[in-house]
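This briefing is meant for a reader who is meeting the structure for the first time.

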Amino acid sequence: MNAILPFAVNFGLACCSVGMLCALVRLLRGPAAQDRILALDTLYINGMLTILMLGIGSGAAIYFDIALLIALFGFIGSTAMAKFLLRGEVIEP
Amino acid sequence: MRRPPLVPLLPAVLLAVWLLLNDSVAPGHVVLGAVFAWLVSAAVARLRPLPAWPRRLHVAIGLCWHVFVDIVRSNIGVGRVVLGAARRQPTIGFLQIPLQLRDPHGLAMLSIIITGTPGTVWAGHDPASNTLTLHVLDLQDEETWIRTIKDRYERPLMEIFE
Amino acid sequence: MSAADVPLWAALPAALLLICGGLLALVGSLGLLRLRSFFARIHAPTMGSTLGAGCVLIASMLTSTALAQRPVVHELLITLFILVTAPITTMLLMRAAILRSDRSES
């Protein structure tokens, strides 16, 4: 019927993909380890947004659960790596 | 002696999360969620023995609105810094801000508000002198930042948690 | 049941929010490349994780509410989760970076 929402979804998907490319370049180039972790965190957030936009575009409800899981695991992974940089251990005795 | 809140907060929030996750308010889900919420909050009570009793929740509504406005405004600010980075790199800097807020839950909320706003990151806190180290992306005017943190965030948080 | 079936009252604001959210996430990730020091770069992705994610999640709520013809608000869960957790990672990274730069100077 109306083509405005598919256009917006495609636009947002393009934006997120370019953003993920930027984060990927920083991930590969990043001079220090904290740069790489920051880039990985950005990659996770952009990936979650991509999944949500795909969900809007297709109208299927299953994408919501995938986005929730990506948000959960992205947080756990980035926090564990940042904690490792901070203390040299993830779980301290 | 402080008065405990009318509704136990942690089980109420857990029940709300359960209902949102299942996306239904059917009676079966409400009962199951209530049982889960009670079990989980009883199980984690020993992990965090210091209960948070936020009061004066009408102050929290104003605080949320201020935080939302600041997030929108600083998103625009950081966006302009990023897009203008070819001409001028931002002048980053650290600020030392003495705080009056002592409550650990209030400090946690303050750290999340400060870090969640683009352009400022909570960089450390010294418990002995109660001083906050703040990292600012584009440091132009130190007084404005200190006044923003103390008036807009710290005072309402002290009213809520202390 | 797809994006083209969403009625116009929901499609217009959702499209606007999607474009805003995509642009915010893009500018935030671009900041990773354009800013020169790590302490400046750490501020950029916060854009995508606060307002960018918020815009996309509100758009998702709008379209799924319009498609299901009843209020669907479970995206609030992701919003709350992102708002609470993204600052924690940033704070830990900040402290790690301060520690490591102190160590490399001395």
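In this predicted model, the largest nonpolar core has 37 residues, and those with the most contacts inside it are B:Ile97 and B:Leu110. In soluble globular proteins, nonpolar side chains tend to be buried together.

**The nonpolar cores**

**C:Ala40**

- Helix 2 of chain C, which covers residues 38-41, is where C:Ala40 is found.
- C:Ala40 counts as buried because its relative accessibility is 3%, and the cut-off for buried is under 20%.
- Apart from neighbours within four places in sequence, C:Ala40 is in contact with B:Pro90, B:Ile92 and B:Leu137 of chain B and with C:Leu35 of chain C.

**Where chain A meets chain C**

- Contact between these two chains involves 49 residues of chain A and 53 residues of chain C.
- Putting chain A and chain C together buries an area of about 4,400 Å², and carbon and sulfur atoms give 79% of that area.
- On the chain A side, the residues that lose the most area to chain C are A:Leu38, A:Phe64 and A:Leu86, which together make up 14% of what that side buries.
- The count of salt bridges between chain A and chain C is one, and in it the side chains of A:Asp35 and C:Arg41 meet at 2.8 Å, N to O.
- The count of residue pairs in polar contact between chain A and chain C, with both residues at pLDDT 80 or more, is four.
- Helix 1 (4-29), helix 2 (33-58) and helix 3 (62-87) of chain A are the elements that give two or more residues to the side touching chain C, and the largest share, 17 residues, comes from helix 2 of chain A.
- Sorted by class, the side of chain A that touches chain C has 34 nonpolar, eleven polar and four charged residues.

Note on methods:
Residues are numbered from 1 along each chain as its sequence is written. Chains are lettered from A and ligands numbered from 1 in the order in which they are written. This is a predicted model: local features need pLDDT of at least 70, side-chain atom pairs count only at pLDDT 80 or more; totals for chains, interfaces and linings use all residues. Side-chain values use heavy atoms; hydrogens and water are left out. Contact means heavy atoms within 4.5 Å. Buried area is the accessible area (1.4 Å probe) that two parts lose on being put together, summed over both. A salt bridge is a side-chain nitrogen of Lys or Arg within 4 Å of a carboxyl oxygen of Asp or Glu. A polar contact is a pair of N or O atoms within 3.5 Å; within protein, one must be able to donate a hydrogen and the other to accept it, and residues adjacent in sequence count only if both atoms are side-chain atoms. Helices (H or I, at least four residues) and strands (E, at least two) are DSSP runs, numbered from the N terminus. Ala, Val, Leu, Ile, Met, Phe, Trp, Tyr, Cys and Pro count as nonpolar, Asp, Glu, Lys and Arg as charged, and the others, Gly among them, as polar. A nonpolar core is a set of buried Ala, Val, Leu, Ile, Met, Phe, Trp, Tyr and Cys residues joined through side-chain atoms within 4.5 Å. Buried means under 20% relative accessible area, exposed over 50%, partly exposed in between (1.4 Å probe, protein chains only).
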